[in-house]
Amino acid sequence: MNGADHIVSQMFDGGIDTIFLNPGTSEMQLVHAIDGFHEIRPILGLFEGVCTGAADGFSRIAGRPAATLLHLGPGLANGLANLHNARRAGSSVLNIVGDHARDHRKLDAPLTSDIEGLARPMSNHVSTLSEPGRLSGEIAAAIDAAEGGIATLIVPADIAWSAVESRPAESRHGSPKAAERGPDKLQLRRALDALRTRSQRTMILVGGALLTGESLNKIEYLMHATGCQAMIPTFNSRLERGAGRPELPRIPYYSEDAVVAFEAIDVLVCLDAQDPVAFFAYPGKQSRPTAPGTQVIDLNQAPLAALDEILAASYLDAPPQPARDVHSDPAESLNLGEPLNADNVARLIAAHLPHDAIIVDEAVTARAPLIEHTRDAAQHDWLDLTGGSIGQCLPVATGAAVAAPDRKVLAVSGDGSALYTIQALWTQARENLNVTTLIYNNASYDVLKVEMMRTGITSISERAAAMLSIDSPRTNFCMLANSFGVRSSRVSSVAELDAALRDSMRGDGPDLIEIMIVSLGG
């Protein structure tokens, strides 16, 4: 057994059976080891950002880590943007990155770089295998770290090819996990006092692991019992929603709207969610939407247990809850001949959404109507762009489809976002994944036009507008999809999209619908 065999075997023993890879020369021993270990599924991506995004999507749906295999520092660097999103999503990913053999590294060969320095900002654990005799403990530590975040393990080529003695993994004695420690008792008491004191206006900000149907039902009951408000973050790793499930409002994206949402709140209780902050700074606008005197209570340690302890408080004895409103949104009322806009596209998606689908959202400017109209669609999971680095949608959809092959995955993307990682279509075709990709093609970075005005620039010149436009030449996504082996259709009317969605939802392989759209408004 060599070092590469040892790594792959121990990785599988640690519960990792899927690896998204784009290897190079320094990883060939690892490729050979994976080839001989049939229990691990290798999935090739044409770009490292597809691999890291797919590992993120896999983790969000499977609830356990996936691995990536990347080539030296530049390969890792190509995947960093989607590792940033994965870290913000709280996903579990083990990155295995090859390095030069230790003696060769000293010679400063062309691909030599500071791999640890590149990995550190996006990883909660970074380590380089030091010598064959210490492999078991170093690999075990990386796998352990990947169970709760992003871990990067760097493998010098000579360690991968060197013979090692097979031995059991060393035991891991990390610090107790938050769930084992239980909620912070002081913070829990403060939250209970705030909920009991109805003279205080209390809001619960709930995110992360609490965005499931069961936990959301508990939050809804808590609102009914105490009169508190509740909200969820703007962007979330995974949210269960759809008909019959509570739909809590999101923190508004625009900072001035978020300020209004929080201005009357005295106490903010954070349950698996961070004290909110605006995505960007703007001239004359607050970066924190909460009022200066707002008391913030941090219950992010063991949040599921904290919620149950709150619900167990004796004073929470609420009468039966009123029936939840269901908002019908019939697509039949649409004019089949009218051109497509963000509103009627969203209504058609909602009408055709199958039960237990997964929506991966990077619709950007068209996002608001999509959220609105799918509120009471068939029950589904919703995966957001958690870190704000565009180019996540298609890779995350790829990984989600690997994790849940029996569920329909909808990747809903703007055209500019899709072009960052369009290579994901090739992986979807190669693996015959059940993904429908919907691309709004308006040939523009519309969101940047909005943001430019919001920074205080009152007009956009023709020259500046050209820097935000992608219409010359205009991308033909159908041709791209076909070249990657994905069937496709282009639609420009309600009738055409209605038919394309009906056909796609019946299929079980990858396809792409290019939505030719002029107006992203209603």
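Modeller: A pocket, on a 1 Å grid over the protein atoms alone, is an open set of points where a 1.4 Å probe fits, with protein on both sides within 12 Å along at least five of seven lines, and lining residues have an atom within 4 Å of a point. This is a predicted model, in which local features need pLDDT of at least 70, side-chain atom pairs count only at pLDDT 80 or more, and totals for linings use all residues. Residues are numbered from 1 along each chain.

Colleague: What makes up the lining of the second largest pocket?

Modeller: It is lined by 42 residues, and Phe235, Val364, Thr365, Arg367 and Val447 lie nearest its centre. The elements giving two or more residues are β12 (357-362), α15 (367-373), α17 (415-418) and α19 (446-454). The most come from α19, with 5 residues.

Colleague: How much space lies in the second largest pocket?

Modeller: About 1000 Å³, where a volume is the space filled by probe spheres set on the points.

Colleague: Why are α14 and α22 called roughly parallel?

Modeller: The axes of α14 (residues 342-352) and α22 (residues 494-506) cross at roughly 30° and come within 10 Å. Angles under 35 degrees count as roughly parallel, and α14 and α22 are therefore described in that way. Their crossing is right-handed, the near helix being turned clockwise from the far one by less than a right angle.

Colleague: Which residues of α14 meet α22?

Modeller: Asn344, Val345, Leu348, Ile349 and His352 in α14 meet Val494, Leu497, Asp498, Leu501, Arg502 and Met505 in α22, contact meaning heavy atoms within 4.5 Å.

Methods. Heavy atoms only, no water. Axes fitted to C-alpha atoms, helices over the stretch in contact; angles between N-to-C directions. Helix = DSSP H or I, 4+ residues; strand = E, 2+ residues; numbered from the N terminus. Parallel < 35°, antiparallel > 145°, perpendicular 65-115°, else oblique.
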